[in-house]
Amino acid sequence: MSAEPILELKDVHSGYGSIKALKGISLKAYPGEILAIIGANGAGKSTTLMTICGIVHPDQGEIFYKGKKINKIPAQKLPPMGLCQVPEGRRIFPRLTVEENLILGAFYRNDRAGIDKDMEHVYSLFPILKERSRQQGGTLSGGEQQMLALARALMTKPEVLLLDEPSLGLAPIIVQSIFDIIADINKNSDTTIILVEQNANLALQTAQRGYVLETGRITLEDDAESLLNNADIRKAYLGE
Amino acid sequence: MDYFIQQLVNGLTLGGLYALIALGYTMVYGVIFLINFAHGEFFTAGGYIGVIALSYCIAHGYTQTHPFLCLAGAFSLAMIYSAYLAVGVEKIAYLPLRGSRLAVLLSALGMSIFLQNGMMLTQGVMDKAYPGELFEGGFSFGMVTISYLQIMIITMTVLLLFGLNRLVYKTKIGMAMRATAQDKTMSALVAIGSNNIISLTFAIGAGLAAAAGVMVGLYYGSVHYDMGFNLGMKAFCAAVLGGIGNITGAMLGGLIIGLVEVFGAGYISGQYKDVFAFIILIGVLYYRPTGIMGENIDETRV
Ligand SMILES: Nc1ncnc2c1ncn2[C@@H]1O[C@H](COP(=O)(O)OP(=O)(O)O)[C@@H](O)[C@H]1O
Ligand SMILES: [Mg+2]
């Protein structure tokens, strides 16, 4: 693990008007790692990711990406810099076809040949998407939508990929294959992954490090291994 | 039968014009859920720029030497002017208020009055006459006459509608427009700047309306500072009839309203011609509250 974090939050406060969802979050993600953020429903996990991506604006604190402060950068300028999110609920464009959803993943790109090549690549990762390429996104099953959301994110060429509850609402067998692919993406393209999950067990088995978020604050930071073996964590998040 | 065919041609001509205006209402609604009351004024402004440009050409004798160039110039100027006007209105009067739908709606109403008064002050309260000599004559088949002007209007309308369809359904920017209409947060997460797309939507809608403004001026022989109200109202009916937010619906709604109006005037009573559009609208909404193509149901929604 190299010393310089690729993404760093310093005492970030943010929320929705009078609702303060984050009350001073500090965290670091290092290049090439899989980082898990676990926490109960409403802890502020999604808000953390949306604040990093410029959708929710921090009231206070700083966010650094590759050493550059990105608090003030408009959301749509971040994906071209390699910062990319698959949001909670996947948010497929329902009335666009599968192929159109993928093309929009590459919206900012102009390298025709590269886009075609990446399209082939994601179709080989998810053959089902190729079969359904002309179908509307909204007609896909939950698992297929999650695959499409991941594939669309890959079309953006992410260096840091934020995943918000990729297992939500999916059958266990599909969850397993999605997580295998997440691990592959991390390994093969050296993409840093921040994995937000309520399914703490799964997240910590996939990640190298983890943070625990409780009502807008980080309460614990450790190796994934140690968190998995932490008695308090097991009690609170792993159902023991 | 001749009479029927004649009315059909007249109805399609008018319907196409309504369709062009209706698209602006429907596209803007599709992207930011705003009924843009000022849209009729973009149409009127286009009509004025058209007559100013054509009068200039005639004064310099260019219509004799380069008639097509004059016409193309008049259309281009009108469309570009209205497009910029619409983008300006959106940036100044709508964008800062986007947090509240009611505030934007009232602002649109205000902009409509403001622009109408602006045109009255600068262009006068009297009708401004369009030069008629550009399109004299036509084809006659028995009792049916199709004027060259009608042919030009129908051809131009078809080309514009076709072009818009290509843009929205076949290009990356069209995809981005549809994506913005569906989910602005997700659009931002794939690097689409929704403000740019919204501006573009306003520009395209106003450009189409401006083209209709020039054609209406040529067709009826003049423009008037408040003509955007009446025609805008009917085009809005067309958009609602087709299912507001739906592009194909607006085209269909425009044609239906145009045909109903012309046939109603021809076969029932000319005095009630403005009423037929509203009767049809009420009749359809009674059975299909979302309009013919419905909202959020069909894939042709923006
Ligand atoms: N759009 C919103 N408007 C107002 N409050 C919100 C909104 N989204 C989330 N919240 C609130 O912010 C807090 C954190 O929510 P969230 O980040 O979604 O948590 P998590 O993803 O961990 O379940 C919760 O109290 C939630 O009710
Ligand atoms: Mg969440």
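## Between the two domains of chain A

Across the interface of domain 1 of chain A and domain 2 of chain A, the rule finds zero salt bridges, a salt bridge being a side-chain nitrogen of Lys or Arg within 4 Å of a carboxyl oxygen of Asp or Glu. Polar contact is found there for one residue pair, with both residues at pLDDT 80 or more. The term polar contact stands for a pair of N or O atoms within 3.5 Å; within protein, one must be able to donate a hydrogen and the other to accept it, and residues adjacent in sequence count only if both atoms are side-chain atoms.

On the side of domain 1 of chain A that touches domain 2 of chain A, the elements giving two or more residues are strand E7 (160-164) and helix H6 (172-189) of chain A. H6(A) provides the largest share of that side, five residues. By residue class, this side of domain 1 of chain A has 13 nonpolar residues, one polar and one charged. Here Ala, Val, Leu, Ile, Met, Phe, Trp, Tyr, Cys and Pro count as nonpolar, Asp, Glu, Lys and Arg as charged, and the others, Gly among them, as polar. Helices (H or I, at least four residues) and strands (E, at least two) are DSSP runs, numbered from the N terminus.

## About the model

This is a predicted model, in which local features need pLDDT of at least 70 and side-chain atom pairs count only at pLDDT 80 or more, while totals for chains, interfaces and linings use all residues. Side-chain values use heavy atoms, with hydrogens and water left out; residues are numbered from 1 along each chain as its sequence is written, and chains are lettered from A and ligands numbered from 1 in the order in which they are written.

## Domain layout and buried area

Chain A is assigned domain 1 (1-82 + 160-240) and domain 2 (90-157), with bounds that come from an automatic or database domain assignment. Taken over C-alpha atoms, the centres of domain 1 of chain A and domain 2 of chain A are 23 Å apart. In contact (heavy atoms within 4.5 Å) are 15 residues of domain 1 of chain A and 14 residues of domain 2 of chain A.

About 1100 Å² is buried between domain 1 of chain A and domain 2 of chain A, with 79% from carbon and sulfur atoms. Buried area is the accessible area (1.4 Å probe) that two parts lose on being put together, summed over both. Ile178(A), Ile181(A) and Ile185(A) supply 35% of the area that domain 1 of chain A buries against domain 2 of chain A, more than any other three residues.

## Where chain A meets chain B

Now to the partner chain. Contacts link 26 residues of chain A with 22 residues of chain B, and the two chains bury about 2200 Å² between them, 66% of it on carbon and sulfur atoms.

The rule finds two salt bridges across the interface of chain A and chain B. One of them joins Glu100(A) to Arg178(B), with the closest N and O atoms 2.9 Å apart. Helix H2 (residues 98-105) of chain A gives the most to the side of chain A that touches chain B, four residues. That side divides into 16 nonpolar, four polar and six charged residues.

## An open sheet in chain A

Four strands of chain A form an open sheet in the order E2-E1-E4-E5, with antiparallel pairing; two strands pair if DSSP finds at least two bridges between them. Strand E2 (19-29) and strand E5 (68-69) of chain A are the edge strands, each pairing on one side only.
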